[in-house]
Structures are given as C-alpha cells and as structure tokens.
Amino acid sequence: MTGDPAGAAPVRLTWAQPEDLIGHELRQAAEDGRDAGPVLRAWTAAGGRPAPARAGASPAPAPPELRALASRLLDELAALPAPTTATEPTTWPSIHATWPPHPGTRPSEPPAPPPTRGPDGARPQTDGPQQPEPPVDPALRRRLEAGWVGRAVGCALGKPVEKLPLDGIRALARATGNWPLADWFTARGVPAELLAAHPWNRRSAATCLAENIDGAPEDDDLDHPLLGLLLLRRHGKAFATADLARLWLDELPAGRVFTAERVAYRNLLLGLEPPGTATHHNPFREWIGALIRADVHGWTNPGDPAAAAEQAYRDATLTHTANGVYAALFAAATIAEAAGGRADVHGALRAGLAVVPPRSRLADAVRFGIRTARDEADFDRVVDRLHACYGHYHWVHALPNTALIAAALTHADGDFTHSVCRAVSGGWDTDSNGATAGSVAGILAGSPDRIPERWTAPLKNRLATTVAGFDGIGFDTLAHLTAQEAARS
C-alpha cells in the first residue's frame, strides 16, 4: 500500500517546526534585550502566529512559504546582538572568571578528554586483567540512594499536574484535603466538573496518582540521570561534550527528548557539532533541560561543587547556553555540596549560587527565590510573589523554575516532605522541580530510610525506563554504580 489514507492527520513533530520556533525565539529576544521589532512585524504581516502557549506545536502545519520565512527570520534573530552578553558569559573561562575566590576551584579550562580512547570514544579494553572497581564509601552510597529515591519521588509527585496552571493545582489538592500539599495527588473525591476544568496530565494519570503508583514510572527527568551515569561509566569524568552527543545518538530515541534537547538532536542529525547544536534555531536554549541532567555531576563530585559545575558545563553546552547552562551549574554544585555530608540546605544553596555569574538573570532569580522564602511564613505567598515576578516566562524556562526550586528548599529548611511538596505546589515544570528538590533533600536526609515510607513504599525500589540495561533497576543498585563513579579519579 502506498500513500496516506485520505484525511490522515499530519505527524506534527513538536518542538521542531520553524513556524513554532520563531514565536519562541521572538519571546527569547524580548527577554535578552534584542531589538526584534522588525522581525516581529514581518512575521505578523505574513500571517504568522505566536508560539503555542503550552503545547509543543501549533494545531496545523504552516504553508511552505510561511515555514521558509520562519527559517529566514530565525537566522536574522540569531544575528542580532544581545545586550546581556557582558553579564551573561557563555565560555567556560569567562564563566569561571566570575566566581569568587575559593580554595576548592579547579583550573579555568575544563579538562580535556584523555587521549587513550577507542575509535568510538569509549574506554579501551585491554588484554590484561581488568582493573578492580573502586571501593565505595558506605555512607556516600546511602546518601546517593536517598538522592536517587528523592528524585524519583519528586518527579512522580509532580507528573500528574505537569502543565496545569497554579489555580488548577491548588484546586485539585484542596478538593481532597491535601493542601498545603503533603501527600500524593489522588483522583478519589475530586468532583467531575473540577477534573473537566483541570484534567490530570494525560500520560501520567495512570501511573502517578496515589491509587495507582506501582514503581517509579519512566520520565525524562529520570532517563537523563541514567544516561549521565552511562556517560561516566563509558568515558569517565573527563568526558567531552561530543561523547554525550554520540551517546544520545546510540542510546536515546529522538522521541524521548523535548524542547532544547530535541532541537540539539535535530542539529546533530544535520551535521552540526557542539556547541553549535545548542544555538542553531534553538529558542529553548535557556529552558530547564540542562538542569534536569545535572544531578549525576553533583552526585559524583561529593564535596567539590567546582568540579561538579565543570562536568555539568560540558554536559549542558550540547543543548543550552547562558541561563540554561547556569541552572545546570547551580543544581550540580548545590547537590555536590550536599553530597559531601557536611553542609545543610542553606550552605548547599550558597555553594550552588557561587558558580553562577553573579550579574546574570539566573543569579537574580535564585537570590529572589531565597529572599522571598525567608520573608514569608506562608509558602503560598512565596509562590504568588514568584509568579508575579516571573510569570511572563514560559513554564519550562530555567529562570522561574530555578527560583522556585531555591525557594522551596529554603522554606522547607531541609525537611524532605516539605521540600518536594513546596517545589511541586509552586507550579510551572512540576515534575522537574519536584525531582531536583527531592534529590537535594534526599541527600541531606542521608539515607533512604529517613525518607517517610509513604513516599518510598509505592516506588518499590524499581525504576522503569527505556534506557537500555536499566529497566527495572533498583535505586540501591543505582546508588552503588554512582558511588563507584564518584570514587574514580
């Protein structure tokens, strides 16, 4: 049989079509101060529409001439100078130069990949006896298991309400007496008219409500840490950004990546090399995707936030730039400081902020989140102030979400339940925010048995994933593998 059936719907690949990207790039230009007025007028005059508010693609494809215009206008926008360049550097030496003096900082260039690689970039195999696995610190392994579990808990808690507006999240929780949020979401007792107005996330309702959780379900917020662990096991801590790119092409289906990651994946298939993969027609380069990949770099550099930030930079620049990269540095350094076993949550957040260029918008957002959390006893007031300040950003952008993570962790003061619930109850990218807050709070708890059983029991020490070799793996096993990578030089 040839051809498409009459009336068949188009594929409508999300986060990739020029007619959808142009609206997001116009929004990005407004945020970073570029004068995009002429481009906006040309797009509007030709019949172009704004970017979809929450979905990844507009309902119908653009005609060929409008799609071609969108591509040309994306190139024009990329050529416009951004006033934020001086305060938001993008190269590693220029980022590192903004750091305060600290005895733990490393050299100002990321380490080069080791020369002894196989043709595929992997560690070469030898004919002699294999090197023994490095010894694992039992206390670190317990902290890392709590970090993995915490990340899975926060992710699963946030999944049912991902993409919902703040008033919808509050209404659904209040309908079951679960506000302030303190337990899993449930559909039991929620009025039908409320569910019609604010339906659960379509893909998550069957696996992430209190009545149906059966192990940790697959999510990109958990797949990416697995891929990061796989990256370190194959290439070590001195991996190059190109190693991550090859790993994605080998192990990660294109349909499992979104926003900046999908654009970067497309750019790799077009033959672009990093860091061009992060910038070519990529209006999502300052969104949250690099942050959700950062945990493993913190986990494997316990007590060394500078080293964690270096690793996170080499990972993040495949897909992101500027504030999108800074969010990853912040998360990695915060987690590394927590993983050292000596800091409280406030010291960990200070370590995270120290690796972010201090005059950047991301640093301002983190400081605002922390300050607001200290000022307000009621976390709803904290969230309202964050949304008043950052509500004009897209719900997946790094600035509002990182500010919320910092605020939630500060307000919770190290308590696990309060950390994940505050992060999720603040809206925006709920599963990603819950995951990062859960990772930090889990590590600070020090052991998975210090996380309340109502959170850990439904996960059954089992993670579902399509990352080859990891489906059904236990968090205890993941902690052991992660601790091995932490011990490697």
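Let's start at proline 180, found in the loop between helix H6 (166-174) and helix H7 (192-197); helices here are DSSP runs of H or I with at least four residues, strands are runs of E with at least two, and both are numbered from the N terminus. The peptide bond joining tryptophan 179 to proline 180 is cis, with omega about 0°. Before going on, keep in mind that this is a predicted model, where local features need pLDDT of at least 70 and side-chain atom pairs count only at pLDDT 80 or more, while totals for chains, interfaces and linings use all residues. Residues are numbered from 1 along each chain as its sequence is written, and side-chain values use heavy atoms, leaving out hydrogens and water.

A cis peptide bond also joins proline 274 and proline 275, this time with omega about 5°. Proline 275 sits in the loop between helix H10 (259-269) and H11.

Now for the rings. Searching the whole structure turns up 10 aromatic pairs, a pair being two rings of Phe, Tyr or Trp (its six-membered ring) with centres within 6.5 Å; planes under 30 degrees apart count as stacked, over 60 as edge-to-face and the rest as tilted. Take tryptophan 15 and phenylalanine 284: their ring centres are 5.4 Å apart and their planes stand at 90°, so this pair is edge-to-face. It ties together distant parts of the chain, 269 residues apart, with tryptophan 15 in the segment before helix H1 (18-32) and phenylalanine 284 in the loop between helix H11 (276-279) and helix H12 (295-299). Tryptophan 15 counts as buried because its relative accessibility is 8%, and phenylalanine 284 is buried too, at 1%; the scale runs from buried (under 20% relative accessible area) through partly exposed to exposed (over 50%), using a 1.4 Å probe and protein chains only. Ring pairs bring Trp287 into the picture as well, linking Trp15, Phe284 and Trp287 into a cluster.

Aspartate 413 is another non-glycine residue with a positive phi, of about 55°. You'll find aspartate 413 in the loop between helix H18 (398-412) and helix H19 (416-425), and at 53% relative accessibility it counts as exposed.

Next, have a look at helix H16 (residues 361-375) and helix H17 (residues 379-390), whose axes come within 9 Å and cross at roughly 150°. Axes are lines fitted to C-alpha atoms, for helices over the stretch in contact, and angles run from 0 to 180 degrees between N-to-C directions. That crossing makes H16 roughly antiparallel to H17, since angles over 145 degrees get that label, while those under 35 are roughly parallel, 65 to 115 roughly perpendicular and the rest oblique. On the H16 side, the residues in contact (heavy atoms within 4.5 Å) include Phe368 and Asp375, and among those they meet in H17 are Leu386 and Tyr390. Tyrosine 390 is buried, at 9% relative accessibility.

One last stop is arginine 314, lying over the face of phenylalanine 239 at 4.7 Å from the ring centre. For a charge to sit over a ring, NZ of Lys or CZ of Arg must be within 6 Å of the ring centre and within 35 degrees of the ring normal.
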